[in-house]
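Open the model in your viewer and keep the sequence panel beside it. This tour says what to select at each stop and what is there.

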Amino acid sequence: MTGKQIANYCSICGAKLERREWHGVIRPVCPACGHVVYFDPKVAVVVWIERDEQVLLIQRAYEPGMGKWALPAGFVDAGEPPEEAATREVWEETGLKTHITRLIDVFPKRDNGLADIVIAYKATIIAGELQAGDDAADAQWFGKDNLPPLVFYPSITLVNRWLANEL
Ligand SMILES: [Zn+2]
């Protein structure tokens, strides 16, 4: 889940790591081979898809946020362009093929969401039938007057902008 990343053993030589100050930051350092561990931020994408004044939301099947609703989202794999991660996640969670039309915003971590950096895109549907899958228990369209309980800072922020006609 979320929280501080840890490293106990060197991924290069297998020796037990020590914690040392390195350029002003305490980091795991290997006393045997000198390898310094830098933790990478987890990067996710969320996708805003709107149709007939309604936004596409998925209901989370797992914690955190189980049972609540959020934009289709997921992690960017190593080596994967973020736009491809966005269309892949929408496909996995909703069964819809989409085309990314623009970058909306980039969000820092502000709650118990699983990512450190969240890239938000707008997309349009090009094919497919709506069907929830992957870690989505359900996928539905919602208008401004019938929104369900939402979870995660990027989804809540974007919906609030939409309600204020600022998206
Ligand atoms: Zn080592």
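**The whole chain**

Colour by secondary structure. The protein chain has 2 helices and 9 strands. Helices (H or I, at least four residues) and strands (E, at least two) are DSSP runs, numbered from the N terminus. Along the sequence the order is β-β-β-β-β-β-α-β-β-β-α.

This is a predicted model: local features need pLDDT of at least 70, side-chain atom pairs count only at pLDDT 80 or more, and totals for chains, interfaces and linings use all residues. Residues are numbered from 1 along each chain as its sequence is written.

Zoom out. The C-alpha trace spans about 60 × 30 × 30 Å along its principal axes. Of the 167 residues, 29% count as buried. A residue is buried if 20 or more other C-beta atoms lie within 10 Å of its own, exposed if 12 or fewer, and partly exposed in between; C-beta atoms are placed from the backbone.

Now colour 1-39 and 43-163 separately. These are domain 1 and domain 2 in the domain assignment. The bounds come from an automatic or database domain assignment. Over C-alpha atoms, the two domain centres are 34 Å apart.

**The hairpin**

Strand E1 (residues 18-22) and strand E2 (residues 25-29) run antiparallel, joined by 5 bridges. Two strands pair if DSSP finds at least two bridges between them. Arg 19 stands opposite Pro 28 in E2. The hairpin has 2 residues between its strands, and His 23 in the turn has a positive phi of about 55°.

**The core**

Select Val 45, Val 46, Val 47, Trp 48, Leu 71, Ala 120 and Tyr 121. Within the largest nonpolar core, of 31 residues, these have the most contacts. Such a core is a set of buried Ala, Val, Leu, Ile, Met, Phe, Trp, Tyr and Cys residues joined through C-beta atoms within 7 Å. Two or more residues each come from E3, strand E4 (54-60), E5, helix H1 (82-94), E7, E8, strand E9 (136-143) and H2. E3 gives the largest share, 6 residues.

Which residues does Val 47 touch? Leaving out residues up to four places away in sequence, they are Leu 71, Pro 72, Ala 86, Glu 89, Val 90, Thr 98, Tyr 121 and Ala 123. Contact here means that the C-beta atoms of two residues, placed from the backbone, lie within 7 Å. Among contacts in the chain between residues at least 6 apart in sequence, 59% join residues at least 24 apart.

**Helix H1**

Select 82-94. At 1.5 Å a residue, the 13 residues of H1 should span 18 Å, and the end C-alpha atoms are 18 Å apart, which agrees. The expected span is 1.5 Å times one less than the number of residues. Show the buried residues: Ala 85, Ala 86, Thr 87, Glu 89, Val 90, Glu 93 and Thr 94. They pack against E3, E4, strand E6 (73-75), E7, E8 and E9. Step past the helix end to Gly 95, where phi is positive at about 75°.

**Helix H2**

Select 153-163. The buried residues of H2 are Pro 154, Ser 155, Leu 158 and Val 159. They cover an arc of only 125° around the axis, so they sit on the same side of H2. The arc is that of the directions from the helix axis to the C-beta atoms. Their cover includes strand E3 (43-51), strand E5 (69-70), strand E7 (96-108) and strand E8 (117-128).

Turn to the other side of H2. Asn 160 and Leu 163 are exposed there. Leu 163 has 12 other C-beta atoms within 10 Å. Draw a distance from Leu 163 to Asp 116: they are 47 residues apart in sequence and 25 Å apart, C-alpha to C-alpha.

**Backbone stops**

Most residues other than glycine have a negative phi, and most peptide bonds are trans.

- Glu 53, in the loop between E3 and E4: phi is positive, near 65°. Glu 53 is exposed, with 10 other C-beta atoms within 10 Å.
- Pro 64, in the loop between E4 and E5: a cis peptide bond joins Glu 63 to Pro 64, with omega about -5°.
- Asn 165, in the segment after H2: phi is positive, near 55°. Asn 165 is exposed, with 7 other C-beta atoms within 10 Å.
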